[in-house]
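Reader: I'm new to looking at protein models. Could you walk me through how to read one?

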Amino acid sequence: MADINMGAKTAETVSPLAERQNLAAGLVDPVWDIIELLFFAYRDFVGDPDEVLLKLGFGRAHHRVLHFVNRNPGMKVADLLDILNITKQSLGRVLKQLVDQSYVVQKEGAQDRRQRLLFVTAKGEALALKLAGLQTERITRAFGELGPGAHEAARRLRQIARADRAAKPRS
């Protein structure tokens, strides 16, 4: 799939009516180049792991679960639900597959036996590290082209995720 031309729109290409509507509504013009950059970056960033996961019959949801459980051994299912912002039903389906195929194990909590604590198995850790390795290679290549300070600049993009949380009250 070819990327589209991501050049910035000029003033002549923006409809005067759209400009007036945006101004009247208090909106700023969309930052199309950044929006598209993030779409393409995400597509390519998950593309390499997607190929590996597809061969195993897994998808992106499996990747996210493996990633966070590998990074947080013993995390509660409730905490994973909060991180992923998905329903119990969605997580249950993905988790069942990962448990059935011995990538993840569930254990009851020591203090509260109702808690389900999640751990990756050696097989799960190997897959999580393989997927992270593919993504790390892509990041390393990109940062190498950007030069010193690229890693820290990229970390500041976290503000995109936080901006939504600050604007919306959690229910």
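Reader: How much of the chain is buried?

Author: Keep in mind that this is a predicted model. Buried residues account for 20% of the 171 residues in the chain.

Reader: How do I check the span of a helix like α2?

Author: Count 1.5 Å a residue: the 25 residues of α2 (residues 32-56) should then span 36 Å, and the end C-alpha atoms are 36 Å apart, so the two agree.

Reader: Where does α2 bend?

Author: At G47, by about 40 degrees, and the proline P49 comes within four residues after that. P49 is also one of the buried residues of α2, along with E36, F40, V46, V52 and L53. The cover over those buried residues includes α3 (60-71) and α6 (122-146). After α2 comes G57, with a positive phi near 80 degrees.

Reader: And which residues touch the most other members of the largest nonpolar core?

Author: Here's the general idea: in soluble globular proteins, nonpolar side chains tend to be buried together. In this case the largest nonpolar core has 21 residues, and V65, L80, L91, L98 and L118 touch the most other members. The elements giving two or more residues to this core are α2, α3, α4 (77-84), α5 (88-100) and α6. Take L80: setting aside neighbours within four places in sequence, L80 contacts V65, F68, V69, M75, L91 and L118.

Note on methods:
Residues numbered from 1 in each chain as written. Predicted model: local features only at pLDDT ≥ 70, side-chain atom pairs only at ≥ 80, totals over all residues. Heavy atoms only, no water. Expected span 1.5 Å × (residues − 1). Bend = angle between axes of the 7 residues up to and from the residue. Buried < 20%, exposed > 50% of the residue type's maximum accessible area, 1.4 Å probe, protein only. Contact = heavy atoms within 4.5 Å. Core = buried A, V, L, I, M, F, W, Y, C linked by side-chain atoms within 4.5 Å.
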